[in-house]
Amino acid sequence: MRYEISEKGNSTVLQINEERFDAKLAPEFRAQIEALMGDLSTHLVLDIGDVKFMDSSGLGAVMGVYKLLRDKKISVANPQKPVRDLFKLTRMDRLIKTYDSVDAALATAV
């Protein structure tokens, strides 16, 4: 999985640099989060601006991380329309808030 990680204030931004977030990527995503767990800030922002396609496996991986990091806030930033629609259709947007930009997600962490 190609990604970049950065710290911004009291937030960790994980930018996923993949076009597809599917069954191939999901296990690796979860493994990376588990490896980084101790180093994550109180707010994790998943920047998925490059992700053009997400299937149920990708959605399940995000949900698994949501459950794994119960003591932290998780937000999704920059979702493209198909991914945003998937979050709305499955009502995941009620559990994990989506924002149009990383800055908008970071503003909620204050």
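Two strands count as paired if DSSP finds at least two bridges between them. Strands (E, at least two residues) and helices (H or I, at least four) are DSSP runs, numbered from the N terminus. This is a predicted model: local features need pLDDT of at least 70, side-chain atom pairs count only at pLDDT 80 or more, and totals for chains, interfaces and linings use all residues. Residues are numbered from 1 along each chain as its sequence is written, and side-chain values use heavy atoms, leaving out hydrogens and water.

**View 1. The open five-stranded sheet.** The strand order is β1-β2-β4-β6-β7, and the pairing is mixed. β1 (3-8) and β7 (97-99) form the edges. Each has a single partner strand, so one side of each lacks a neighbour in the sheet. From one strand to the next, the twist averages 25 degrees. Axes are lines fitted to C-alpha atoms (for helices, over the stretch in contact), and angles run from 0 to 180 degrees between N-to-C directions.

**View 2. The β4 and β6 pair.** Strands of a sheet pair through backbone hydrogen bonds, either parallel or antiparallel. Here β4 (residues 43-47) and β6 (residues 73-77) pair in the parallel sense, over five bridges. Which residue in β6 is the bridge partner of V45? It is S75.

**View 3. Helix α1 against helix α2.** The axes of α1 (residues 26-36) and α2 (residues 56-68) come within 9 Å and cross at roughly 20 degrees. The two helices are therefore roughly parallel to each other (under 35 degrees; over 145 is roughly antiparallel, 65 to 115 roughly perpendicular, the rest oblique). Their crossing is right-handed (the near helix is turned clockwise from the far one by less than a right angle; anticlockwise is left-handed).

**View 4. Residues between α1 and α2.** A26, F29, R30, I33 and E34 of α1 meet S57, G58, A61, V62, G64, V65 and L68 of α2. Contact means heavy atoms within 4.5 Å. By class, the contact has seven nonpolar, three polar and two charged residues. Ala, Val, Leu, Ile, Met, Phe, Trp, Tyr, Cys and Pro count as nonpolar; Asp, Glu, Lys and Arg as charged; the others, Gly among them, as polar.

View 5. Most residues other than glycine have a negative phi. N78 is not a glycine, yet its phi is positive, about 65 degrees. N78 lies in the loop between β6 and α3 (81-89). At 25% relative accessibility, N78 is partly exposed. R91, also not a glycine, has a positive phi of about 65 degrees. R91 sits in the loop between α3 and β7. With a relative accessible area of 53%, R91 is exposed. Buried means under 20% relative accessible area, exposed over 50%, and partly exposed in between (1.4 Å probe, protein chains only).
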